Amino acid sequence: AILDMAVVGDVLLTLHEGGALVRWRISEKAGEGNRQRQHRHQKKRRRRKADEELDSEGARSDDDDDGREVLRLEDSISFESGFVPTCMCHPPSYLNKVVIGAGDGRAQLWNIMTRRCVYTFQNIVPKQASDDEDEEEGYFDGEGEQRGAVSITQIVASPALDVVAIALSTNQIILQNLKFDEKVTDYKIFGRSHEVRGKHSSSVVG
């Protein structure tokens, strides 16, 4: 099953259960260029308009398949042992890069053209899932034992440069500055009432 998808330029990424990240190239069939496509669409519109004028009940010509966009399988990206991806996000200003979240709370920045991990974020998952606000302030340096209990379930780009929203399995939502690897603020949803509490940090948004 497909867990998540992202489009980066002319590449479609599909994230699958089991940890496979597959790259698909979006290309035009038979090498048709933009001018040819525009000419074909204009010709089709003129033909359709003429058909309608001649007989409003007449049959219209079927759309042809020439020049339509198709997906071509390129390859897949493999991750290190133990890193099982759960979601991904393509921040608009990050050329050829996606942020990938994992079931153990880790997140990595990948260049999908070079197929390399550019950076592993260190300050996302809290020390432990707890309703105690004082305890929630602590964050991992990337090596803590409690990390496996918390997973990243969703990553969404924000309008602010370098900032994404990260949802955790503990009902926490973190706004993370990717450039500085720092928390901007975080929120937690409590109980069935979905009460939201948040607190701000001194992280710089830039």
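Student: Okay, how confident is the predictor overall?

Tutor: Keep in mind that this is a predicted model. The protein chain has a mean pLDDT of 77, and 62% of its residues reach 70 or more.

Student: Which residues have pLDDT below 50, and how many contacts does that stretch have beyond near neighbours in sequence?

Tutor: One such stretch is residues 56-64, with nine contacts in the model beyond near neighbours in sequence. Another is residues 201-206, where pLDDT stays under 50. For that stretch the model has 17 contacts beyond four places in sequence.

Student: Let's switch to the strands. How do S1 and S2 pair?

Tutor: Strand S1, residues 2-8, pairs with S2 in the antiparallel sense, over six bridges. For a specific pair, take Met-5, whose bridge partner in S2 is Thr-14.

Student: And what sits between those two strands?

Tutor: The hairpin of S1 and S2 has two residues between the strands. Gly-9 in this hairpin takes a positive phi near 65°.

Student: What does S2 do with S3?

Tutor: Those two also pair in the antiparallel sense, here over five bridges, with S3 covering residues 21-28.

Student: What's the turn between S2 and S3 like?

Tutor: That hairpin has four residues between the strands, and Gly-18 in the turn has a positive phi of about 95°.

Student: Is S2 mostly covered or mostly exposed?

Tutor: Mostly covered: five of the six residues in S2, which spans 11-16, are buried.

Student: New topic. What's the strand order in the open sheet of four strands?

Tutor: The order is S5-S6-S7-S8, with antiparallel pairing. S5 (85-89) and S8 (116-120) stand at the edges with a single partner strand each, so one side of each is left without a neighbour in the sheet. On average, neighbouring strands of this sheet are turned by 30° against each other, direction ignored.

Student: How many bridges link S5 and S6?

Tutor: Four, and the pairing is antiparallel, with S6 running over residues 97-102. Within that pairing, Pro-85 has Ala-102 as its bridge partner in S6.

Student: Where's Arg-106, and is it buried or exposed?

Tutor: Arg-106 is in the loop between S6 and S7, the latter being residues 107-111. Its relative accessibility is 14%, so Arg-106 counts as buried, because the cut-off for buried is under 20%.

Student: What does its side chain make polar contacts with?

Tutor: The side chain of Arg-106 makes a polar contact with that of Glu-80 at 3.2 Å. Another polar contact, of 2.8 Å, joins it to the side chain of Asp-104.

Student: Where's Asn-171, and how exposed is it?

Tutor: Asn-171 is in the loop between S10 (163-168) and S11 (172-177). Asn-171 is partly exposed, with a relative accessible area of 44%.

Notes: Residues numbered from 1 in each chain as written. Predicted model: local features only at pLDDT ≥ 70, side-chain atom pairs only at ≥ 80, totals over all residues. Heavy atoms only, no water. Buried < 20%, exposed > 50% of the residue type's maximum accessible area, 1.4 Å probe, protein only. Pairing = 2+ DSSP bridges. Axes fitted to C-alpha atoms, helices over the stretch in contact; angles between N-to-C directions. pLDDT = per-residue confidence, 0-100. Contact = heavy atoms within 4.5 Å. Polar contact = N/O pair within 3.5 Å; in protein donor to acceptor, adjacent residues only side chain to side chain.
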